[in-house]
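Q: Hi, could you walk me through this model? I'd like to go piece by piece.

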Amino acid sequence: MIRSFLSAIALSLLAALPAHAIDIQEVTSPGGITAWLVEDDSIPFVALEIAFRGGASVDAPDKRGAINLMTALLEEGAGDRDAVAFAQGMEELAASAGFDVSDDAVSISFRALTENRDQAADLLADALVRPRFDADAIERVRAQVQSSIRAQDSDPQAIASKEMALRMWGDHPYGSVISGTGQSVAGLTRDDLLAAKDRVLARDRVLVSAAGDIDAEALGLLIDRILGGLPAEATAPLPPDAELKVTGATEVIDWDSPQTVVSFAQPGLPMDHPDYFAAFVLNHILGGGGFSSRLMEEIREKRGLTYGVGTGLSNMVLGETWAGGMATANDRTGEAVALVREVWGAMREGVTDQELRDAKTYLTGEYPLRFDGNRRIAGILSGMQLMGMPRDYVNTRNQKIEAVTAADVQRVAREVLDPGKLEFVLVGRPEGI
Amino acid sequence: MMRRTLAFLLATAATPALAEMPAGVSHFTLDNGLEAVVIEDHRAPVVVQMLWYRIGSADEVPGKSGLAHYLEHLMFKGTEKLDAGELSKTVTANGGMDNAFTSYDFTTYFQRIASDRLDLVMGMEADRMANLRIGEDDWQAERQVVLEERAQRTDSDPRALFGEERSAVQFYNHPYGRPVIGWRQEMEALTREDALKWYDDHYAPNVAVLVVAGDVTADEVRALAEKHYGPIPPKPDAPRDARPQEPEQRAERRMTMTDPRVPQPVLTRSVIVPERNPGDQKTAAALSVLAELLGGSPQTSFLGQRLVLTGQALGVGAWYDGLSVDPTTFTVTMAYAPGTDDAGAEAALDAAIRDFLAQGPDPAHLERVKTQLRAARIYERDSAHGRAYDYGQGLAVGLTVEDVNDWPDILAAVTVEDVRAAAERALGGRAGVTSLLKPAPTGEVGTVQAAAETDAASVAVPGAAAGGPAPVTADADAALADSPEELGTPPMALDATAGAAPVPADTPHPAQPAPASPAPAAPASDPAQSPAPEQTR
């Protein structure tokens with residue numbers, strides 16, 4: 001019966017794949033800022049993603065956590081408005097602005113109705129250009145950040161991530177937590193926050209992506225309205241590429257819990273590497289493919305050792321890994337870890353034609369499904385810009401996946417996948433390690 | 001847990017005009033009782049099929065907790081036509097994703113796929129409505145999987161453990177007091193026979209709601225539904241029975257748990273309140289607005305201004321979700337800084353609540369909430385998947401399509417007086433559960449103090465799980481739905497994880513430590529979050 005379903009699928013496949021092309025316009029504002037736009041006037045609002053490259057990685061060396069705290073304070077009062085007045089202003093316009101920070105970017109997800117878009121943009125401009133950093137807001141948000149640091153320190157997943165990052169990236173900013181430590185955050189002053197803002201929020205660092213009810217000309221004006229008051233150049237250089245250090249070691253961190261959180265990683269491939277797409281397809285078969293990957297089959301479906309195991313090519317702007325994770329009962333952790341290594345190594349034997357075909361149909365078929373809303377589209381464009389991908393990527397990407405052969409996959413498995421290089425961090429009380 | 005209230009309001013707010021069907025939405029019922037809602041959105045060649053069974057963990061018999069969820073997992077183990085795992089493999093091989101989730105009141109299966117594959121996925125979904133087969137080898141391994149799921153989501157998380165005990169104390173008699181995933185010792189005893197009986201008793205077209213959203217037309221969906229679901233006979237006895245209801249609750253209950261894995265103390269106060277009912281949603285609307293006014297935004301909500309802006313709390317929240325078959329809970333939470341004494345924190349919360357009851361809501365704030373609700377009717381059109389969730393969940397808990405359509409107008413009509421009355425009802429009495437989860441020195445894991453301030457505190461009700469049914473949108477970004485924000489989390493979600501992967505344009509999901517959800521589109525029940533009443537496959 002598998003056969004009958006699958007042959008029906010194979011027939012309909014060709015017709016379905018050339019999904020509608022996504023038209024990404026490049027817009028340059030009168031003030032000289034470029035943006036990407038997917039225009040769609042069917043719903044009267046616009047979604048805007050604004051990303052400032054560098055993110056928390058441009059923290060001054062002895063001020064770890066300053067950019068994180070600064071970002072959290074952008075919505076806590078700006079221009080003439082204190083924190084309350086600013087939030088009320090957004091509510092009155094039914095607009096929203098979410099401020100976030102990662103290793104690679106400070107990001108703002110903004111959404112406004114067409115009818116009052118300019119007023120909402122003025123509020124956002126205040127937040128980015130004229131944040132107040134009032135003393136009471138600083139103390140309040142500092143306490144919240146310190147509380148989140150404590151929360152991370154008591155979360156086995158976060159403990160594993162933190163340790164893995166340190167092992168892989170060492171002294172590079174990727175190797176430490178973006179929120180800083182309780183101690184570093186305690187020492188941050190208002191001047192540090194002002195300096196942190198100038199290190200990252202500047203016009204030469206900004207990437208703008210828009211989707212929804214706005215045309216190119218209006219978008220140009222809107223961008224200048226929001227970003228025109230920012231400094232032309234950021235004061236901090238972008239950090240250097242991160243050099244990955246993996247030794248194939250296994251580290252156990254004691255944690256009193258019935259399960260062990262297992263995190264593992266080895267070197268990955270940059271997105272512009274000629275073998276990236278072969279690795280991408282390979283990863284799907286190995287551990288990226290939801291319920292149908294080899295790791296899920298061996299560890300969950302056959303043996304019930306975990307609720308979920310997954311892998312992915314983790315590409316950041318300055319470095320990349322091939323990483324994965326799971327959580328498993330302490331007394332069977334040794335068995336589950338051995339299976340990860342075994343399945344990892346077995347990829348060198350190659351994949352079946354069926355696996356390759358299924359992986360390609362999934363990866364190519366799933367891609368157009370992501371472009372089904374303004375917010376989602378703006379987010380995708382922002383990720384593409386951050387990773388330095390060209391605009392036509394959205395329309396060529398599936399061809400690159402189609403071009404991957406079984407021989408490519410096997411070659412990449414042999415050249416890149418190495419169970420001996422897999423670094424493990426285990427948080428729990430694992431047995432059999 | 002209940003998700004943040006405004007998010008809930010927004011995600012649920014549908015579109016205009018009392019009792020009128022919004023543009024692009026249609027509704028029909030097949031002869032065998034299967035009810036269907038179609039939501040057209042032609043912006044992208046995508047479709048979501050959701051099949052909601054009006055049966056959930058609160059319909060289980062005592063002693064078999066976790067059965068509804070266990071069967072949900074086993075529904076992927078094949079039929080006469082499909083091998084174990086083949087349904088998901090087929091969906092994946094066609095570029096789609098699929099998953100399922102179980103709540104107190106419903107069990108839901110969904111696929112998101114290219115719109116020209118609807119025939120394929122509907123055929124498979126209909127097949128397993130009638131022809132499930134569970135292999136001898138599969139049921140035991142899958143029982144291990146759900147036990148590992150419990151270990152990951154509940155046993156490893158003191159907030160989740162405390163949450164299920166709090167629910168057990170909250171509900172004396174109603175099965176909302178039992179966790180959706182089940183008590184461990186009962187899960188360990190579930191068998192293939194239990195699962196098949198559950199399936200035979202309850203899986204039928206007259207218990208199901210089909211929701212299809214995306215690049216399809218109502219006529220296409222109707223034709224496909226007739227073809228695939230139409231031939232399946234109804235089962236007259238399949239609909240759930242009425243459940244045991246709560247007696248009047250009189251006693252104040254208090255409970256405390258300490259655990260070294262808890263980062264800071266969180267105080268929670270919860271009471272039982274009415275849910276949304278067909279033709280009768282006014283009280284629920286007032287409670288929804290009340291939750292937003294009390295605990296919505298840290299800067300503008302009443303408790304936020306009183307407790308967070310003054311530095312007495314790190315975060316506050318007020319939660320209510322009326323999408324529930326039976327009465328649900330209204331919950332207020334406060335996370336306070338270490339060093340604040342427990343009694344002082346509670347006194348500050350009590351004083352704030354007293355003042356709110358005395359003053360009533362700020363009319364200007366109520367007006368702003370309504371402005372956002374009006375805008376939500378525009379924003380929510382950006383996610384067909386989110387709208388599918390709204391209709392599906394509404395119908396699954398017994399509302400009609402008209403009730404779902406009317407809800408935004410009922411919310412918009414809430415007055416200051418309505419909010420006052422709702423506040424009196426939710427906050428004015430004493431018969432609630434006040435619970436404190438606090439850090440403990442290492443070595444004292446999970447010390448539960450049976451906090452006997454009243455006799456009621458020691459009532460050992462079999463069951464747990466926090467109030468009311470599931471929030472959660474099936475999509476990380478489905479419209480305006482935040483992921484369920486849990487009680488202990490500080491209000492600000494800046495990522496403190498080192499090396500967190502960005503969202504590059506291509507990784508299906510960031511790979512860093514990905515132990516959590518196995519499937520890309522898992523409904524947002526983050527296992528790190530507190531006791532989500534919903535369990536994902």
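Q: Which residue in S6(B) is the bridge partner of Ala36(B)?
A: Leu210(B) is the bridge partner of Ala36(B). Before we go on, this is a predicted model, where local features need pLDDT of at least 70, side-chain atom pairs count only at pLDDT 80 or more, and totals for chains, interfaces and linings use all residues. Residues are numbered from 1 along each chain as its sequence is written, while chains are lettered from A and ligands numbered from 1 in the order in which they are written.

Q: Which way do S2 of chain B and S6(B) pair, parallel or antiparallel?
A: Parallel: S2 (residues 35-40) of chain B pairs with S6(B) over 6 bridges. Two strands pair if DSSP finds at least two bridges between them. Strands (E, at least two residues) and helices (H or I, at least four) are DSSP runs, numbered from the N terminus.

Q: And S3 of chain B with S6(B), in what sense do they pair?
A: That pairing is antiparallel, with 7 bridges between S6(B) and S3 (residues 46-53) of chain B. Within S6(B), Val212(B) is the bridge partner of Gln49(B).

Q: How many residues of S6 of chain B are buried?
A: 7 of the 7 residues in S6 (208-214) of chain B are buried. Buried means that 20 or more other C-beta atoms lie within 10 Å of the residue's own (12 or fewer is exposed, in between is partly exposed), with C-beta atoms placed from the backbone.

Q: What sits on each side of S6(B)?
A: Ala208(B), Leu210(B), Val212(B) and Gly214(B) are on one side, and Val209(B), Val211(B) and Ala213(B) are on the other; both faces are covered. In a regular strand the side chains alternate between the two faces of the sheet.

Q: Switching to helices: why is H3 of chain B called largely enclosed?
A: 8 of the 8 residues of H3 (residues 86-93) of chain B are buried, so the helix is largely enclosed by the rest of the structure. The buried residues include Glu86(B) and Lys89(B). Just after H3(B), Gly95(B) takes a positive phi of about 80°.

Q: How is chain B divided into domains?
A: Domain 1 covers 23-244 and domain 2 covers 253-458, with bounds from an automatic or database domain assignment. Their centres, taken over C-alpha atoms, are 28 Å apart.

Q: How many residues of domain 1 of chain B are in contact with domain 2 of chain B?
A: 28 residues of domain 1 of chain B are in contact with 28 of domain 2 of chain B, contact meaning that C-beta atoms, placed from the backbone, lie within 7 Å. On the domain 1 side of chain B, S2, S3, S5 (107-114), H6 (158-170) and S6 each give two or more residues. H6(B) has the largest share of that side, 8 residues.

Q: Now chain A: how many helices and strands are there?
A: Chain A has 16 helices and 13 strands. Its radius of gyration is 23 Å, close to the 22 Å from the globule rule for 433 residues, so chain A is as compact as a globular protein of that length. The radius is taken over C-alpha atoms, and the rule is 2.2 Å times the number of residues to the power 0.38.

Q: What share of chain A is buried?
A: Buried residues make up 60% of the 433 residues in chain A. Of the chain A contacts with a separation of 6 or more, 83% come from residues 24 or more positions apart.

Conventions:
Two residues are in contact if their C-beta atoms, placed from the backbone, lie within 7 Å.
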